[in-house]
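Open the model in your viewer and keep the selection tool at hand.

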Amino acid sequence: MFFYSHTFEPVPITLDHFFFKRGLGFALEADFKARCVWYYGRYSRGLMLRSFFHDGGLATCLIRIAEACRQARWTAWLAGVTLGLVRGLCHCRIGRGATFGPGLVLLHPFGVFIHTTVQAGANLILQNNITLGGEDDRGPRLGQNVFVGVGARVIGPLTLGDRCRVGANAVVMVSIKEDHVAAGNPARQIPHANGGGHGSV
């Protein structure tokens with residue numbers, strides 16, 4: 001697998017470098033490794049701990065705990081409580097049914113709204129004040145290694161392909177092909193030079 005640095009260079013990390021192999025531990029470890037790579041271009045235990053104190057660290061932990069609670073019948077009610085903490089403490093609203101692959105990076109969670117029907121693949125990077133919204137109670141599906149820039153709006157039952165990048169303040173209401181940038185209002189699709197050739201989780 002690989003994670004993106006802030007220059008969108010892929011940094012490979014093999015599964016042998018993971019302590020946890022599945023479940024909540026794996027999801028959190030992948031998320032904080034991805035955060036380290038984005039911020040520092042590499043990862044270590046010390047950097048993973050430091051990245052917790054950046055914006056989005058607490059929200060990431062709470063979102064993953066909510067996911068784990070939702071999957072167990074006897075703790076499902078705790079998912080709503082935990083996501084309430086995300087809303088109250090981090091000013092970020094996440095629908096209870098939204099799902100995220102490993103490597104979720106919330107750079108700045110303030111003003112983030114994610115509809116309950118959103119399904120996202122691995123290595124999703126989100127900036128602040130973005131909306132992944134539903135239309136007729138159907139939300140977007142995001143592929144792997146997707147970046148959504150500050151102020152972007154992605155609305156409705158559309159698909160963002162693998163390695164898509166949504167530019168700042170873009171308004172996306174149609175599906176975007178893999179290895180494309182979505183920019184403007186309404187967003188137009190532009191192929192990007194770094195697309196293709198990289199593996200995914």
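**Stop one: serine 51**

Select serine 51 and its surroundings: beyond the residues within four places in sequence, serine 51 contacts Phe32, Arg35, Cys36, Tyr40 and Gly57 (contact means heavy atoms within 4.5 Å). The model is predicted; local features need pLDDT of at least 70, side-chain atom pairs count only at pLDDT 80 or more, and totals for chains, interfaces and linings use all residues. Numbering runs from 1 along each chain as its sequence is written, and side-chain values use heavy atoms, without hydrogens and water.

Serine 51 sits in helix H2 (residues 45-52). Helices (H or I, at least four residues) and strands (E, at least two) are DSSP runs, numbered from the N terminus. Serine 51 has 0% relative accessibility, so it counts as buried (under 20% relative accessible area, with a 1.4 Å probe and protein chains only).

**Stop two: H3 and H4**

Now select residues 57-71 (H3) and 76-90 (H4): the helices pack at about 165 degrees, axes 7 Å apart. Axes are lines fitted to C-alpha atoms over the stretch in contact, and angles run from 0 to 180 degrees between N-to-C directions. H3 and H4 are therefore roughly antiparallel (over 145 degrees).

Show side chains at the contact. Leu62, Ile63 and Ala66 are among the H3 residues there, and H4 residues include Leu83 and Val86.

**Stop three: histidine 115**

Go to the loop between strands E6 (112-114) and E7 (119-120); histidine 115 is there. Is histidine 115 buried or exposed? At 14% relative accessibility, histidine 115 counts as buried. Leaving aside neighbours within four places in sequence, its contacts include Gly95, Leu132 and Asp137.

Conventions:
Angles under 35 degrees count as roughly parallel, over 145 as roughly antiparallel, 65 to 115 as roughly perpendicular and the rest as oblique. Buried means under 20% relative accessible area, exposed over 50%, partly exposed in between (1.4 Å probe, protein chains only).
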